[in-house]
Amino acid sequence: MTELEKYYNKFNEEKRLTRRHGRVEYITSMKYIHKYLDVEKKSKIIDIGAGTGRYSVQLAEEGYDVTAVEPVKYNLGILKSKGSSVKAFQGNAMNLKRFDDGTFDVSLLFGPMYHLCRFEDKLKALKETKRITAKGGVILVAYCMNEYSIITYGFKENNILRCIKENKISDDFHCMSDETELYDYVRLEDIDKLNMSAGLERIKIISADGPANYMRTVLNAMDEQTYEKFIEYHLATCERPELIGAGAHTVDILRVQ
């Protein structure tokens with residue numbers, strides 16, 4: 001069993017996007033997914049790194065033809081137990097050879113980039129996703145952002161000096177994950193480099209959760225009306241360039257040419 005499998009066998013992925021800070025990410029991501037779906041054509045969707053199917057099952061219930069790929073057997077079992085029409089497979093984002101070129105209209109790559117620490121592995125996953133996405137199709141890619149990790153895990157949780165001593169953080173405060181780490185954290189320039197190497201054109205990039213992860217206790221204490229206003233605020237500002245790199249998660253939206 002890999003370290004990733006051990007982690008997800010304990011981590012409650014099923015509930016992550018149902019908590020208030022997670023709902024911000026889910027609502028925002030779904031808004032932009034729907035923006036690029038063809039309702040009449042009923043776009044074919046693939047969810048790579050689908051977890052327990054929070055996105056794929058909902059999209060299938062809306063009538064879309066959805067395929068899911070998930071490496072962790074435990075998560076895949078939960079997804080399949082939901083009894084949806086999602087065609088679910090165990091697999092790796094770097095090897096999608098079971099799918100033909102240009103099969104899908106919209107491809108979601110929401111989990112893999114969190115856990116692939118080498119640039120070459122990220123690029124392989126991105127190129128494979130590009131290959132199986134139709135010309136003119138859209139890829140939505142999620143990343144964990146560097147500054148969130150530095151501010152929270154580094155400074156707020158008082159791990160910064162230890163991480164610097166262990167050479168886990170560069171002189172300019174960039175997290176330096178290796179293959180023993182479960183998560184990798186990027187900056188916007190890292191994402192840009194991947195896109196250029198993969199030959200993909202950006203439509204737009206958004207902050208999926210904005211300040212929500214910094215405000216977990218505040219969000220949990222809000223009354224429902226105030227929380228709904230926070231969602232409204234976030235959706236109005238999630239494309240603002242000065243905010244994108246500071247959130248916990250970013251979604252890059254790309255067009256296949």
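The model is predicted: local features need pLDDT of at least 70, side-chain atom pairs count only at pLDDT 80 or more, and totals for chains, interfaces and linings use all residues. Residues are numbered from 1 along each chain as its sequence is written, and side-chain values use heavy atoms, with hydrogens and water left out.

**Exercise 1.** State where lysine 42 and phenylalanine 173 lie, and give the phi and accessibility class of each.

Solution. 
1. Helices (H or I, at least four residues) and strands (E, at least two) are DSSP runs, numbered from the N terminus.
2. Lysine 42 sits in the loop between α3 (20–35) and β1 (44–48); its phi is near 55°.
3. Phenylalanine 173 is in the loop between α9 (160–165) and α10 (188–198); its phi is near 65°.
4. Most residues other than glycine have a negative phi.
5. Buried means under 20% relative accessible area, exposed over 50%, and partly exposed in between (1.4 Å probe, protein chains only).
6. Lysine 42 is partly exposed because its relative accessibility is 31%; phenylalanine 173, at 35%, is also partly exposed.

**Exercise 2.** Is aspartate 121 buried or exposed, and which residues does it contact?

Solution. 
1. Aspartate 121 belongs to helix α7 (residues 119–132).
2. Its relative accessibility is 16%, so aspartate 121 counts as buried.
3. Contact means heavy atoms within 4.5 Å.
4. With neighbours within four places in sequence left aside, aspartate 121 contacts Met94 and Leu116.
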